[in-house]
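Have the model open beside you as you read.

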Amino acid sequence: MKAKERMAIPRQRPRELKPEERITNFKEVTFGFDEETAILEANRCLQCKKPTCIQGCPIRNDIPGFIALLREKKFEEAYWKVRETSTMPSVCSRVCPHEFQCEGSCVRGKKGDAVAIGMLERYLTDWMVANGRPMAVECALPRQEKVAIVGSGPAGMTVAYILAHEGYSCTIFESLPVFGGMLSVGIPHYRLPRDIIGAELHSLKSCGVDIRLGVTVGRDVTLAELREQGYASVFLGVGAHESRKLGIEGEEGTEGVLHGVDYLRRVLTGEEMNIGSKVVVVGGGNVAIDVARTALRTGSKDVFILYRRTKEEMPASRAEIHHLEEEGVRVEILAAPVRILSEKGRMTAVECIRMELGEPDESGRRRPVAREGSNFIIEADSIIPAISQRVDHTADQGVELQQTPWGTYQVDPETLQTSVDWLFAGGDNVLGPQTVAKAVYQGKVAAESMQRFMEGRDLRVDRKFTAHMEQ
Ligand code: FAD
């Protein structure tokens, strides 16, 4: 096919559940491509000599490589091409913010629509499942050393996966009763169905990883005790699960005030929640959007988002914002809450203030400034601030670990070694709330470092992976 013909093919769009149907349940909203559509979309790829899409991918997947195989209908080979670099393509293909990563760097996006790289990757993982192909890799012969991994999110899973394949005996300690970190208790099922995480769990178990749920490191067992029990190296992948507070009057102790990740965790672990009909969600990122869409699915009728900048500055992906609005959530921009009003301890309304955008701040975005005297009231049954999360430090009780001013673990930027030589850390507890792909990449860096540490090798010379990446 000539380049001109490729250029003439429009970006293929996946089918989606209708908004009125999807808000009644947690079924996956976006359908995968069928074979014909996947090949048509793959034919849009120009197979650039210097593929910028690879640079845009935090894991550096060989995107043109797998697309070339896909369009030759070599689906299984194409899947394994992705697996050369990615430990969990079925997850990443669904939840990565592709528009800011690989697709955001695709040359076709400069003058039109980027290639739908995420959907093509998803086609391969769905094809493997539909065709009953094994997706786990055989493990190496067992070695003597034991490795402990604290946290079962994508960073911890990646470390376990890589080191188990190197033959180490790996144990994951997870404080929650469910496996998967934010993949299970943050990202709702309508974006990431449960069976996908089940498949990851199965892969890890099939190579002998011991998974201990309901064990909180720092409380049930300390890091020092793990070391005494003979774990040669320990990985800290505890994520960032402590909700940041708004810091406004009425936030503490008022019924009807919940915080984003706490609310999602409760819903996703099966708790029946009644948060009322009218719900205000505060924030503009993925978490805020997931909270709002989840509230609709659990029966709230009038849900809206309060965001202090404009829609253009919302960090959430465009597709998510589009889905949110299709489902009937209103986005109130340039507004921020200042006080939560209550009667007899139960919230009744939130007092807000209008904002305007001033000079750019350190993030490069224009700083929101309150417009004096522009206060207004929104009556509501619940308010759910979802403005960010920080690291909960239960795990490092009793160990002197250096931290950054943001409360994340201070690590060597190349090797992810902490200030204690046998302890390594990666994912959200190093980067702050970020993305699955970045957590996976850091898991790869940490696994390499831990192996070198246990083999008594230099941690720096001739590394395959380093943590130097755009953050
Ligand atoms: P986590 O996934 O947070 O896992 C850490 C695990 O450690 C948890 O299971 C926790 O219970 C456990 N733990 C904590 N303390 C202890 C302890 N003391 N002992 C034992 N276990 C402990 N990213 C994307 O790329 N795309 C998205 O669309 C997206 N959407 C998101 C939506 C929501 C609502 C949230 C909250 C996050 C979203 N993210 C998204 C971000 C992504 O989920 C995280 O960046 C990623 O999961 C971080 O991986 P991690 O392994 O570092 O930590």
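**Cysteines and a pocket**

Cys102 counts as buried, with a relative accessibility of 6%. Keep in mind that this is a predicted model.

**Cysteines**

- The model has 0 disulfides, taking a disulfide as a pair of cysteine sulfur atoms within 2.5 Å.
- For Cys102, the closest cysteine sulfur belongs to Cys57 and lies 6.2 Å away, so the two are too far apart for a bond.
- Cys207 is in no disulfide either, and its nearest cysteine sulfur, in Cys139, is 3.7 Å away.
- Cys207 also counts as buried, because its relative accessibility is 12% and the cut-off for buried is under 20%.

**The second largest pocket**

- This pocket holds about 890 Å³ of space.
- Its lining is made up of 32 residues, and those closest to the centre are Arg11, His98, Glu99, Ala319 and His323.
- Two or more lining residues come from each of helix 7 (89–95), helix 8 (117–130), helix 14 (286–297) and helix 15 (318–326).
- Helix 15 makes the biggest contribution to the lining, giving 5 residues.

**Make-up of the lining**

- Sorted by class, the lining of the second largest pocket has 12 charged, 10 polar and 10 nonpolar residues.
- Domain 1 (3–130) and domain 3 (245–387) each supply at least three residues to this lining.

Terms used: Residues numbered from 1 in each chain as written. Predicted model: local features only at pLDDT ≥ 70, side-chain atom pairs only at ≥ 80, totals over all residues. Heavy atoms only, no water. Buried < 20%, exposed > 50% of the residue type's maximum accessible area, 1.4 Å probe, protein only. 1 Å grid on protein atoms, 1.4 Å probe; cavity = no way out; pocket = protein on both sides within 12 Å on 5 of 7 lines; lining within 4 Å. Points joined across faces, edges and corners; volume = space filled by probe spheres on them. Helix = DSSP H or I, 4+ residues; strand = E, 2+ residues; numbered from the N terminus. Nonpolar A, V, L, I, M, F, W, Y, C, P; charged D, E, K, R; others polar. Domains from an automatic or database assignment.
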